[in-house]
Amino acid sequence: QLQASGGGLVQAGGSLRLSCVASGRTFRNYDMGWFRQAPGKERDFVATITWSGYSTYYADSVKGRFTISRDNAKNTVYLQMNSLKPEDTAVYYCAAVGTDSSGRYYGHNWGQGTLVTVSS
């Protein structure tokens with residue numbers, strides 16, 4: 001089970017740090033990631049980190065502004081979001097991450113989302 005937190009209301013240019021705590025002993029075996037869903041839109045990939053924490057990948061829209069990290073000792077994955085823009089407004093979800101045959105990232109074992117609202 002995944003529990004996300006850290007969302008809130010922030011002005012454009014501001015920062016937030018999301019956290020996602022996993023229950024269970026297998027967290028460290030999984031690549032983890034963040035996805036987001038804006039109102040009226042589909043859920044999109046944001047960032048992922050390999051089980052070891054050595055590799056990270058980002059959607060082009062957040063590259064250079066967001067940083068994903070993990071602490072396997074705490075069963076927690078983080079998303080540091082800087083230079084936030086109004087278009088980053090969405091419900092953010094953490095999930096275990098896989099890759100389909102097309103190389104696209106998908107989530108599974110979803111946690112509940114946390115709402116991020118960026119005002120202009």
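**Strands and rings**

Q: Which residue stands opposite Cys20 in β8?

A: Strands of a sheet pair through backbone hydrogen bonds, either parallel or antiparallel. Here Val77 in β8 is the residue opposite Cys20. Strands are DSSP runs (E, at least two residues), numbered from the N terminus, and two of them pair if DSSP finds at least two bridges between them. Strands β3 (residues 16-22) and β8 (residues 76-81) run antiparallel and are joined by 6 bridges. The model is predicted, with local features requiring pLDDT of at least 70 and side-chain atom pairs pLDDT 80 or more, while totals for chains, interfaces and linings use all residues. Residues are numbered from 1 along each chain, and side-chain values use heavy atoms, without hydrogens or water.

Q: In what order do the strands of the open sheet lie?

A: The order of the 4 strands is β1-β3-β8-β7, with antiparallel pairing. Because β1 (2-5) and β7 (66-71) each have a single partner strand, one side of each lacks a neighbour in the sheet.

Q: How many aromatic pairs are there?

A: A ring pair is described by the distance of the centres and the angle of the planes. Rings of Phe, Tyr and Trp (its six-membered ring) pair with centres within 6.5 Å; planes under 30 degrees apart are stacked, over 60 edge-to-face, the rest tilted. The count is 5. Phe45 and Tyr105 are stacked, at 4.6 Å and 25°. Phe45 belongs to β5 (residues 43-49) and Tyr105 to β10 (residues 105-108), 60 residues apart. Tyr93 and Trp110, at 6.2 Å and 80°, are therefore edge-to-face.
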